[in-house]
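Welcome! Please take a moment to look over the sequence and the model below, and then read on for a short tour.

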Amino acid sequence: MSKILVSACLLGCKVRYDGNDLPVDNDAFTKVIAAHEIISFCPEVAGGLSTPRIAAEICGGVGSDVLEGKAKIMGKDGSDVTAPFIKGAQLALQICQENNIKRAILTESSPSCGSGTIYNGKFAGDKIKGQGVTCAILEKHGIKVVSQYGAAEFIN
Ligand code: SF4
């Protein structure tokens, strides 16, 4: 049974910035979870952030830009939370490498976990195409990432 890394908030863990989880209503997701060994992980909590925490968005780029020092992750209160986000991303990669994990299902639109979209850094609810910082570091190292909406890709 192969292992898949999954965002903890998709598995009922109340680790989101607002103190909630994010229930998934998707048959493919449920099937994939049942058929694999699941490693639950929240990069932001692993990186040292508390729950609940201030909402944060990538400002001035996407996840790969943050990894290259070209963009920052800012809290809505103006705090710079780039360092704990990068630490959490690095820990996610470490877990994948230690466990020979090649696939991940991460929460769409998160500044850490987003794989197709992220918020645009203006805290107005608008999204752009791009990856969060954890998704970016995993894909850079050959780990395939889909969102909770794309879990069907991992059924076989
Ligand atoms: S960092 Fe990822 S796992 Fe943690 S709450 Fe945000 S979306 Fe969920």
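## A first look at the fold

Among contacts in the chain between residues at least 6 apart in sequence, 63% join residues at least 24 apart, where contact means heavy atoms within 4.5 Å. This is a predicted model, in which local features need pLDDT of at least 70 and side-chain atom pairs count only at pLDDT 80 or more, while totals for chains, interfaces and linings use all residues. Residues are numbered from 1 along each chain as its sequence is written, and side-chain values use heavy atoms, with hydrogens and water left out.

The chain has 5 helices and 8 strands, which are DSSP runs numbered from the N terminus (helices: H or I, at least four residues; strands: E, at least two). Starting at the N terminus, the order of elements is β-α-β-α-β-α-β-α-β-β-β-α-β. The radius of gyration of the chain is 14 Å, close to the 15 Å that the globule rule gives for 156 residues, so the chain is as compact as a globular protein of that length. Here the radius is taken over C-alpha atoms, and the rule is 2.2 Å times the number of residues to the power 0.38.

Here are some values for the whole chain.

| Property | Value |
|---|---|
| Box filled by the C-alpha atoms, along the principal axes | roughly 45 × 30 × 25 Å |
| Residues that count as buried | 46% of 156 residues |

Buried means under 20% relative accessible area, with a 1.4 Å probe and protein chains only.

## Around the ligand

Which residues are closest to the ligand? They are Cys-9, Val-15, Cys-42, Glu-44 and Cys-113, out of 14 residues that surround the ligand, each with a heavy atom within 4 Å of it. This shell divides into 7 nonpolar, 4 polar and 3 charged residues. In this grouping, Ala, Val, Leu, Ile, Met, Phe, Trp, Tyr, Cys and Pro are nonpolar, Asp, Glu, Lys and Arg are charged, and the others, Gly among them, are polar.

Helix 5 (residues 133-140) is mostly covered, with 6 of its 8 residues buried; among them are Val-133, Cys-135 and Leu-138. After helix 5 comes Gly-142, with a positive phi near 85°.

Ala-151 lies in the segment after strand 8 (144-146). Is Ala-151 buried or exposed? Ala-151 counts as buried because its relative accessibility is 0%. Leaving aside neighbours within four places in sequence, Ala-151 is in contact with Ala-28, Phe-29, Val-32, Ile-105 and Val-146. Asp-27 is 124 residues from Ala-151 along the chain, yet their C-alpha atoms are separated by 9.0 Å.

Definitions and conventions. Buried means under 20% relative accessible area, exposed over 50%, partly exposed in between (1.4 Å probe, protein chains only).
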